[in-house]
Amino acid sequence: MKRITLLILCLSMLLCGCAAEESAPTTQTTTVTIPVATDPVAYSVTVLNEAGTALEKLTVEIYADAAKTDLLQVRTTDREGKLFFSAVPSEGGLVAVLKDVPAGYVVEAKYPLIDADTVISLKAGAPLTEEHLNHEENNALFSLGDAMPDFTVTASDGTEFTLSEALKSHDAVVLNFWYMGCTPCKMEFPYLQEAYEQFSDRVAVIALNPMDSTDAAIEAFRQENGYTFLMAKCDSRWGNMMRLTAYPMTMVIDCYGNITMCHSGSVDNTQMFMDMFGFFSAEDYEQTFIRSHSQLPTYEP
């Protein structure tokens, strides 16, 4: 009887062990293969300034790696600031390097091309350098449409004027180039002053003299005539850099830091300055490059 009981017990344990074995979960290993892109992808790159104006004729180098060692292609932006190319996406990611960018823009060493369509926005206001001031080519380094570099001058009254700071508190900056021996320059100052009095909170004005005189003489002249806009002696090399072949020369720097109007010659009425100031300080202003005063709408208070 004991032998029969023991046999039954052993059979029960054996059956339980088998059942446990059958119910135990099994571990399976699944291998996932991630496909590597081998087909070219169509890319587009658009280069604009901060206002959305296209920057054309820029050379753009496309590299397959962030270290810029594997040059894939070289393209040029068209009239819309665009370029197109095809490339196989690389593991490290494609990058673009901008060349031939007009002086005055802040440019990064490289721009990652994360998406198939990339927009690169360049901001004006790169610092004015000795290289800029030593420009001696026949063409102006900075002219209509260009980004104006950030500069600092000390006005005749001791005020430090910095372009970037002026644009933080004003809608536009007007640079008036003149010299003490220029009669037409001095003839337009009363009209400039009259317009400035109505726009001083929206438009900053500084009259820059790269030709003659001293700070003391300039300040005496300013106070004698009751002018409230700033006047300053600037580096004589501004003449070559801006290619100032005629005086006076009035330039407008808009809220985006671009030279958006150049007027050569003396202004003989207040309304022209009013039209200029009113247009570039308007709340609905959109970047426009003005080649002639006739393009400006008449300002009416």
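Let's start with E6 and strand E8 (residues 117-124), which pair in the antiparallel sense over 2 bridges. In this predicted model, Tyr105 stands opposite Ala124 in E8. Strands of a sheet pair through backbone hydrogen bonds, either parallel or antiparallel.

## Leu55 in its loop

Now for a loop residue: Leu55 lies between strand E1 (41-49) and strand E2 (59-63). Its relative accessible area is 8%, so Leu55 counts as buried, the cut-off being under 20%.

Which residues does Leu55 touch, leaving aside its neighbours within four places in sequence? The contacts are Val47, Leu48, Asn49, Thr77, Gly81, Tyr105 and Leu122. Pro102 is 47 residues away from Leu55 along the chain, yet their C-alpha atoms are separated by 9.1 Å.

## Helices H4 and H7

Two packed helices are described by the angle between their axes and the distance between the axes. For helix H4 (residues 183-199) and helix H7 (residues 270-280), the angle is about 40 degrees and the axes are 8 Å apart. That angle makes H4 oblique to H7, and H4 passes H7 in a right-handed crossing.

On the H4 side, the residues that meet H7 are Glu188, Tyr191, Leu192, Glu194, Ala195, Tyr196, Gln198 and Phe199. Their partners in H7 are Thr270, Phe273, Met274, Phe277 and Gly278. By class, this contact has 8 nonpolar, 3 polar and 2 charged residues.

Definitions and conventions. Residues are numbered from 1 along each chain as its sequence is written. This is a predicted model: local features need pLDDT of at least 70, side-chain atom pairs count only at pLDDT 80 or more; totals for chains, interfaces and linings use all residues. Side-chain values use heavy atoms; hydrogens and water are left out. Axes are lines fitted to C-alpha atoms, for helices over the stretch in contact, and angles run from 0 to 180 degrees between N-to-C directions. Helices (H or I, at least four residues) and strands (E, at least two) are DSSP runs, numbered from the N terminus. Angles under 35 degrees count as roughly parallel, over 145 as roughly antiparallel, 65 to 115 as roughly perpendicular and the rest as oblique. A crossing is left-handed if the near helix is turned anticlockwise from the far one by less than a right angle, and right-handed if clockwise. Contact means heavy atoms within 4.5 Å. Ala, Val, Leu, Ile, Met, Phe, Trp, Tyr, Cys and Pro count as nonpolar, Asp, Glu, Lys and Arg as charged, and the others, Gly among them, as polar. Buried means under 20% relative accessible area, exposed over 50%, partly exposed in between (1.4 Å probe, protein chains only). Two strands pair if DSSP finds at least two bridges between them.
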